[in-house]
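Visitor: I have a model on the screen and some labels to go with it. I would like to know what stands behind each label.

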Amino acid sequence: MYNQKICSFHVSDLHLFTIVLPYINEKIKEEKDIVAISQKDLTGEVKKYLKNVKSFKCEREKIISIGWRRVKEELFKEDFSNKIVVVIGNNNFVDEVNEFLDTKLDIYEIVNCYNVENGNQIADIIRRYDILLNTEGKFKIEKNSQNVQKRKTIKSQL
């Protein structure tokens, strides 16, 4: 594991789980320690999602046990070294948790899951990241000028 921050955006709890649970399940299979820090208690929603989505083959009990009810105040009690930390909430919450984690961790992988309240904020947030997690997995974010973007778009249409 190395210092890596990944961002993700969701509009609902269901959308969040569709994006992040396959990634978490993959990391569980790799025997990585994972902890979730959430702005609100998501335990019930995770259990309901895993119960209802039969096609998602996963480590259900391990996914439930990562602590979907953790809140910011519990940060001071836990050692997050060598763990994958999933932070879930609005922009302010995610930024506050990351500010704390940045002072405590030397080696980390943090997955910041932003609840999108305003579509305009996505562009500002995504500029701070190199990797995006979505329903298809992790992707390196291309940071191109508008001219490069136009050329790529034109080439893809030919």
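Guide: This is a predicted model, and the questions below take its labels in turn.

Visitor: Why is Asn98 called buried?

Guide: Buried means under 20% relative accessible area. Asn98 has 6%, so the label applies. Asn98 sits in helix H4, residues 91-104.

Visitor: Which residues does Asn98 touch, leaving aside its neighbours within four places in sequence?

Guide: They are Lys5, Val87, Ile110 and Asn112. Contact requires heavy atoms within 4.5 Å.

Visitor: How do you know that the length of H4 agrees with its number of residues?

Guide: The expected span is 1.5 Å times one less than the number of residues. H4 has 14 residues, so it should span 20 Å. Its end C-alpha atoms are 20 Å apart, which agrees.

Visitor: Which residues of H4 are buried, and what do they pack against?

Guide: Asn91, Phe93, Val94, Val97, Asn98, Phe100 and Leu101 are buried. The buried residues of H4 pack against S1, S2, S3, S4 and helix H5 (120-126).

Visitor: What makes S5 a partner of both S1 and S6?

Guide: Two strands pair if there are at least two bridges between them. S1 (residues 4-10) and S5 have two, and run parallel. S5 and S6 (residues 137-140) have four, and run antiparallel. Ile131 takes part in both pairings: Ile6 stands opposite Ile131, and Lys140 is its bridge partner in S6. S5 and S6 also form a hairpin, with two residues between them.

Visitor: Which face of S5 is covered?

Guide: The one with Ile131 and Leu133. Leu132 and Asn134 are on the uncovered face.

Visitor: Which residues touch the most other members of the largest nonpolar core?

Guide: Val20, Leu21, Ile24, Leu50, Ile63 and Trp68, out of 28 residues. Helix H1 (13-29) is among the elements that give two or more residues to this core. H1 supplies the largest share, eight residues. As for Ile63, its contacts beyond four places in sequence include Leu21, Ile24, Leu50 and Trp68. A second, separate core has 21 residues, among them Phe80, Val116, Ile125 and Ile141.

Conventions: Residues are numbered from 1 along each chain as its sequence is written. This is a predicted model: local features need pLDDT of at least 70, side-chain atom pairs count only at pLDDT 80 or more; totals for chains, interfaces and linings use all residues. Side-chain values use heavy atoms; hydrogens and water are left out. A nonpolar core is a set of buried Ala, Val, Leu, Ile, Met, Phe, Trp, Tyr and Cys residues joined through side-chain atoms within 4.5 Å. Buried means under 20% relative accessible area, exposed over 50%, partly exposed in between (1.4 Å probe, protein chains only).
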